[in-house]
Amino acid sequence: MDVKITPPSEPFPGTVHPTDGGGVLVSSLDEVINWARSNSLWPLVFGTSCCAIEMMSTAAAKYDFSRFGFEVARATPRQADVIIIAGTIVNKMAPVLKRLFDQMPDPKYVIAMGACATSGGPFFYNTYSVVKGADHIIPVDVYVAGCPPRPEALLHALITLQEKIKSGLTRDQIRGEMKAHGN
Amino acid sequence: MGTEELIQSIQSMFPDASINMGNNFPELVIEKDSLLSVLNQLKSEPTLAFDYLFCETCVDWKSHLTMVYHLDSTRFRHNLVIKTNLDAQAPEIESACHLYRTAELHEREIFDLFGVKFLNHPHLRRILLTDDWKGHPLRKDYDDPINMIKL
């Protein structure tokens, strides 16, 4: 699947037809909705280990993911749009994560941050307690490599998620496209 | 009191036990039955005053288990490690929690993960794992074919 990386300078989706005294904007409603959604994604306060420190750094003044619309981290899943799984998910935490995801209103998105959330990472072998990848519990939209990933990597993942939303496909549609392309 | 002096005075208190300098702390190896009396003397002796148990843990050596107690004196700021070996099949030792209250939680964790039974512990039950958990995961012979991928 091609996720089109649009330059951040790309304005509102649609074309403006200049007329006297202003202009007429032509666009499709879906595109406008996706554009709006992608530019206002509130993450859930959810961090289970060291990736959470990098996530906090990404949220803080130096990297500041509010610049891209990840405005405020919400402490309740009912007000959150995206959950950044920042850290190891253990078997005891799995039902909590599932419940948090279920409590989030649609549309909701998931980013698996770092090796643990992606695959269990350093805890893949010889561990009795760690879930081998958060995608065993909830569907994941974007994976980030790293242990932990640098803030730039998380920012890239967040922007990739925005591009994914702007491209307008649902998770199932994307999966179908990937199958059609033999990925 | 310097470290050499500390080692000598502890050796003279317990002539049967062996004490040597480890990597970071002096290490005193004792019999498990003498644990409480050793701890009690180290705590009440005014020149030693080991009043703080800052770590208690266990090591599985397959043939036996070793209990490790890290003591600290908040008055003199000197440290001591106490080691004692336990039987691997039925590990049992007196609880230290009547001398050091902090041992209560440490011993519950050791019970949970190593299966050491602490005698006279006020409420010995699992602390991290679920109550219906089978086995003790930090033991070397622990096996969980469902969750563990062996390398």
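In which segment of chain B is Arg139(B) found? Arg139(B) belongs to the segment after strand S7 (117-119) of chain B, where strands (E, at least two residues) and helices (H or I, at least four) are DSSP runs numbered from the N terminus.

Before I continue, a word on the model. It is predicted, so local features need pLDDT of at least 70 and side-chain atom pairs count only at pLDDT 80 or more, while totals for chains, interfaces and linings use all residues. Residues are numbered from 1 along each chain as its sequence is written, chains are lettered from A in the order in which they are written, and side-chain values use heavy atoms, without hydrogens and water.

Arg139(B) has a relative accessible area of 15% and is therefore buried (under 20%, with exposed over 50% and partly exposed in between; 1.4 Å probe, protein chains only). Among the residues it touches, leaving aside those up to four places away in sequence, are Asp60(B), Leu65(B) and Phe114(B); contact means heavy atoms within 4.5 Å. Ala88(B) is also touched, and its backbone oxygen lies 2.7 Å from a polar atom of the Arg139(B) side chain.

I turn now to helix H2 of chain B, residues 35-44. Here Leu35(B), Val38(B), Leu39(B) and Leu42(B) are buried. They lie on the same side of H2(B), because they cover an arc of only 95° around the axis, taken from the directions from the helix axis to the C-beta atoms. In general, an α-helix has 3.6 residues a turn, so residues three or four places apart point the same way. The cover over these buried residues includes helix H1 (3-13) and strand S4 (64-72) of chain B.

Key: A polar contact is a pair of N or O atoms within 3.5 Å; within protein, one must be able to donate a hydrogen and the other to accept it, and residues adjacent in sequence count only if both atoms are side-chain atoms.
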